[in-house]
Amino acid sequence: MNPDVIREMRRMVDDHFQSEDLKGLLHAFIEDKSAENSLWSSITLSTHYMLGGSSPCIESAAALTELVILALDIVDDLQDQDNVSKPWMKCPQAYTLNAVLSLHAILLTELGRIGLSRLTGDMGRLLVQTIEGQQMDVSQSVVSEADYIAMVRQKSGSLMRLACCMGYSLIDDLDRETVDRMNDLAECIGIMAQIANDVNDVLRYDVKNDLLLKKRTLPILFMLVDSKDEFPPIGQYYEGLISADEFLRHKQACMAYIRDSGCIEYSQVIRTLYADKAEELLQSVPAVSPWRERFKEITFG
């Protein structure tokens, strides 16, 4: 993560809170986040620069992007009760919830400081869409490929739009057509990234495996269609006919079925369709080099 962005995240905490206890907690969370290979602030920065921006507030905007993602990551871990090594999972849950509220308070106040108060409504709508997508995911209401794409568009596409919006909104003379294309591009990239994540998750057979969590991701939806005849334990587990322990006894056979079923190849084909659309949109945006190439390197990978 960009050192200037990390400094801005820390500055925001120090500027807005007096309690040393709460500040220490937030700084610990930021320290943990900064150790990750987070690309969210880089998306905000590269969006701004590739569209010709030169705002002195862009590092602040990128820091806000990271703080929003940090808050959502914390909530996700609280929901799943995993990643127990994270500092927000080690402290009392009440402390963690106060930290999440603090991060959102920073977003609201700092948007005004950098002259983006007008974005409060847009940010709220994007966060609402993200939360609705997350609810679809955790409530296991996805039952079809159309449901999956709708969920991912909300959950991941809206977050990518937020990161890009924080970058282009600091450019005063940007035309509406470019904004619309950037929003469409961000949604495509979000879907691409989620499909890639879901392919990786189905290939890992541990407590984070999406099969064990009974999620219906794109590769799993593909398998559920054919597995009744080719590998019945998957359907039996999803229907509650066998337990997780019984399902785990088929681990080796299940991994072989995943590799041979065609679900990975199918998912990659769908991802490629969105990648082609994203490439077309990126080329239609009046972007400058080398930032166009940097944006693509960060997001298409």
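In this predicted model, isoleucine 258 touches Val202, Leu203, Leu211, Met223, Cys263 and Ile264, when residues up to four places away in sequence are not counted. Isoleucine 258 also belongs to the largest nonpolar core, which comprises 99 residues, and it is listed there together with Tyr148, Met182, Leu211, Met223, Ile234 and Phe295 as the residues that touch the most other members. Among the elements that supply this core, helix H4 gives the most, with 13 residues.

Helix H4, which covers residues 58-80, is also among the elements that cover the buried residues of helix H1, and the others include helix H2 (20-34), helix H3 (40-50) and helix H6 (93-113). Helix H1 itself runs over residues 3-16, and at 1.5 Å a residue its 14 residues should span 20 Å, which agrees with the separation of 20 Å between its end C-alpha atoms. The buried residues of H1 are Val5, Ile6, Glu8, Met9, Met12 and Val13. Seen down the helix axis, these buried residues fall within an arc of 160 degrees, so they line one face of H1. At the start of H1, a side-chain oxygen of asparagine 2 reaches to within 2.7 Å of the backbone nitrogen of aspartate 4.

The side chain of glutamine 134 makes a polar contact with the side chain of glutamine 79 at 2.8 Å, and another with the side chain of lysine 155 at 3.5 Å.

Arginine 271 lies in helix H14, which comprises residues 263-284. Not counting residues up to four places away in sequence, arginine 271 touches Met192, Ile195, Ala196, Phe300 and Gly301. The C-alpha atoms of arginine 271 and threonine 65 are separated by 25 Å, the two residues being 206 residues apart along the chain.

Key. Residues numbered from 1 in each chain as written. Predicted model: local features only at pLDDT ≥ 70, side-chain atom pairs only at ≥ 80, totals over all residues. Heavy atoms only, no water. Helix = DSSP H or I, 4+ residues; strand = E, 2+ residues; numbered from the N terminus. Expected span 1.5 Å × (residues − 1). Buried < 20%, exposed > 50% of the residue type's maximum accessible area, 1.4 Å probe, protein only. Arc of directions from axis to C-beta. Contact = heavy atoms within 4.5 Å. Polar contact = N/O pair within 3.5 Å; in protein donor to acceptor, adjacent residues only side chain to side chain. Core = buried A, V, L, I, M, F, W, Y, C linked by side-chain atoms within 4.5 Å.
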